[in-house]
Every structure is written in structure tokens, then in C-alpha cells.
Amino acid sequence: MAFEVRRVGYVLKRYPRYSETFIVNEILAHEAAGLEVEIFALRPPNDQHFQDAISRVRARVNYLPSEGLKASDLWAEIEQTSEVLPGLWTALKVARGEDVCDLYQAVRLAREVKLKGIDHLHAHFATVATSVARLAARFAQLPYTFTAHAKDIFHHSVQPAEMRRKLKEAAAVLTVSDFNRAYLQRTYGPAAARVERIYNGLELERFPYQAPLERPSRIVAVGRLVEKKGFADLIEACAILASRDCRFECHIIGVGPLESQLQAQIERAGLQAQVQLLGPRPQREVIDEVQSAAVLVAPCVVASDEDRDGLPTVLLEAMALGTPCISTDVTGIPEVIRDGETGLLVPQRNPLALSTAIVQMLSQPAHRAKLAEQARRLIETHFDSHRNAAQLRAIFQQAAGERKWWEVRERPPLHPLLLSPQEVA
């Protein structure tokens, strides 16, 4: 009789995080299907605001100690955990060269998953969460998987040797776009041969569709106020619109380190009456803002540190809600924003092209309604969180069937790839 995965430990750097609704959606879909989830956070939350969907997550959250650790704490933790995992001392050789805090948390996590009866570990982001999950899985002799997103793939701080090791040793590796998968396979060769793509999903029932025929001339943008979101280009595009006497208003929702810089840009351009930085908002308010706008703009760019978005969740949400989108030709975005079919696509860092696309959306209600209808159809096909989480659970289940999974180097893919949106008629 095949082993059944009943309890999965999610390993996250911080939980909860305001911007990581995709993780919450995934956990909620697992819980709705009857999978027990336990969350292990490596750091406490540092956001000031949280999305309301977090209140519906039933999973217990365990915060692993991370501050003020001493060498004696590590040795004490190893001694205590070795009573539960007798092979720990031998397994510690795989941690040679690892960060001491990561090692401490991995040993603690290994003990927790053993005592709590966790069957599988899954980490989000290929950085510290995966580092800790990888070691803990070896110590507890469990399979682990991880999902790679964007900064953890493209940022200049990514260490190729470490990434290659994580790709090779995981029972399965997921990423959120075909672009990401191709990049990983091109960059890491055979180590990334088994990377699979599962898109981030939405709870579609929480994003009801409304046709965008009767909307005010309002532009909305949502995201952290950081370089890769491209909001400076949006403000410059708004300045072009104002110079052409175009009537509009623009609401930018989010918080981040560039807030004062963006506000200064707005004031220099004399756009205070048209462009507002609204700060963070609960998801219900974000939904209302997006669904009352004529267009959502996500002017994403490749940042100076090589960071970039994988596939912004706000695009998926807007497309589900019936708000037509304009975005850029960055990473996986063209997989969902097909120019002239499910939205409008412009080159990154091109405010003039962005302003032209905005005028088109604001001035052609029938066209934007057609784009919105086709966009919703695409979201229903590929971005339902319940279906996509079911694909992930199937991977968890197949990984659990492997013995000594960390010693296997060449295996067929664990799960068939989903069709890309371009393959859907």
C-alpha cells in the first residue's frame, strides 16, 4: 500500500507577509482538500499590514529561534535532537560550510517535524527557507521540495553552486512561469532538468468578474514600492498624459523603500492632483480599487541588481476581476498578457509607449471589455488555486514514494507539465 502524505510542513522565511498572498492561497487550497499543513517561519513578521485571507488559514505557525543564538545553543539542540533522530551525528557532515544559524534552525526543524509527524517539507523561495528545509529533510530523512519565484532566481546575490546543489537534491522543484523554468534549465543544465512549472493560483470565488465598460478614467497600480515594479515609469507616463491634457487619475497602492522618492517625482511633475500614493490596503480594499479602475498597470522592469518579478499576482487578480491590464515584456508576464488579446504589452522602461497604451485603454471601452473577457477565460483555465494546489499535492505524494531520494541523481519528471497558456486555443 502506497504511503499517503497527510501532513506537510511549509518552510518560509517570514510569515505572514503582506505581499505573499500566493502562499496563503496555496495553503488555503490544501486545507480545503483535507491536507494538514504546519507552517515553520525562520523569522518573525516585519510588515505593518496583513491581508484578511490570513485569518482563514488554520495551520499552526511555529517560529524557529533566530536571534541571539550562541554556540552552546547549537550543541544543546544537536544533543536534544539526536535523542529523537539517532542518525543525526552522522548526517551532520552534509552541513559542512553552512551558516550556523541555518544549521541550528535545520536541526530544530528536523526535531519538530519528527515529533509532529510531518511527512514532507516544502519551502517557498530558493534562499534561506530552502537552505534550512534541505538540511532538515536530510536530518529527518524526509523528502523536500521548493518553489522558486523571482528574486531567488535572478538577483545578483544568487550563488550558482548553492542553487545547483538545491536543484539536484530536492525531490522536486517548482517555479511559477515557463520563462523561469527555461532560465533555470539554461543556466544550470542537468541539475535543473526536472524543474516543473505550476502557476500561482487564485481563489476565483473571491475575484468575481465584472465587465469594465462603465469605469471612470482611473489607472491603478499595486505592488511594493521598489525598483523592479517600475512605478517611476508609470509616473513619467502620467506626466506625458497630463501634458496632452488627458483627463485621468492614478492610484498606486503599496509601501516600500522608494515611497519618498516616488512622492518627490510626483511633486516635481506637478501631478499631485492626478497621482496618489495610497499606501498599503487590505485585500478587500485592493479588490474594490482594482475593480473600479479602467485599467491596471504593472510597468515591471529588470532592476539594477538583476531582480525582477516572476509573474505578478496582481495581474492575475485584475484579470480575474475584469480589469484590463497593461504590463511589460519581462520574465513570465507575456505568458498571461498576450498583446491585443488578454491585455496590452509594452517594452520595459518606455514611458512613452506606456502612455500610448493607457490612452488606448481609457478611450476604448468596448476594446478593453473584450480584452477583459478573454483574460478572465485564461485565468479560469490556468490559475485556479484549487486545481494548481492539487498538482502540487500530487508531486508531494510521488516524492514520498521514493526511497533514499537524496541519492537518486537521474529520474524522469515527477509530474507531467501543465500546458502553457500559449497552447490553449
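**Close-up views of a predicted model**

**View 1. Helix α12 packs against helix α14.** In this predicted model, α12 (residues 313-321) and α14 (residues 365-382) pack at about 115 degrees. Their axes lie 7 Å apart. The crossing of α12 past α14 is left-handed. From α12, the contact takes L316, M319 and A320. From α14, it takes A372, A375, R376, L378 and I379. By class, seven of the contact residues are nonpolar, none is polar and one is charged.

**View 2. The largest nonpolar core holds 48 residues.** Seven members touch the most other members: V11, L109, V113, L121, F139, F146 and L167. Helix α5 (residues 128-140) gives the most to this core, with nine residues. A separate, second core has 33 residues. L204, V220, V286 and L316 are among them. In soluble globular proteins, nonpolar side chains tend to be buried together.

**View 3. Surroundings of F146.** Residues up to four places away in sequence are not counted here.

**View 4. Confidence along the chain, and the stretch 408-425.** The protein averages a pLDDT of 93. A score of at least 70 is reached by 94% of the residues. Over residues 408-425, the pLDDT is below 50. Beyond near neighbours in sequence, this stretch has 48 contacts in the model. Where pLDDT is low, the predicted coordinates should not be read in detail.

Terms used:
Residues numbered from 1 in each chain as written. Predicted model: local features only at pLDDT ≥ 70, side-chain atom pairs only at ≥ 80, totals over all residues. Heavy atoms only, no water. Axes fitted to C-alpha atoms, helices over the stretch in contact; angles between N-to-C directions. Helix = DSSP H or I, 4+ residues; strand = E, 2+ residues; numbered from the N terminus. Left-handed = near helix turned anticlockwise from the far one by under 90°. Contact = heavy atoms within 4.5 Å. Nonpolar A, V, L, I, M, F, W, Y, C, P; charged D, E, K, R; others polar. Core = buried A, V, L, I, M, F, W, Y, C linked by side-chain atoms within 4.5 Å. Buried < 20%, exposed > 50% of the residue type's maximum accessible area, 1.4 Å probe, protein only. pLDDT = per-residue confidence, 0-100.
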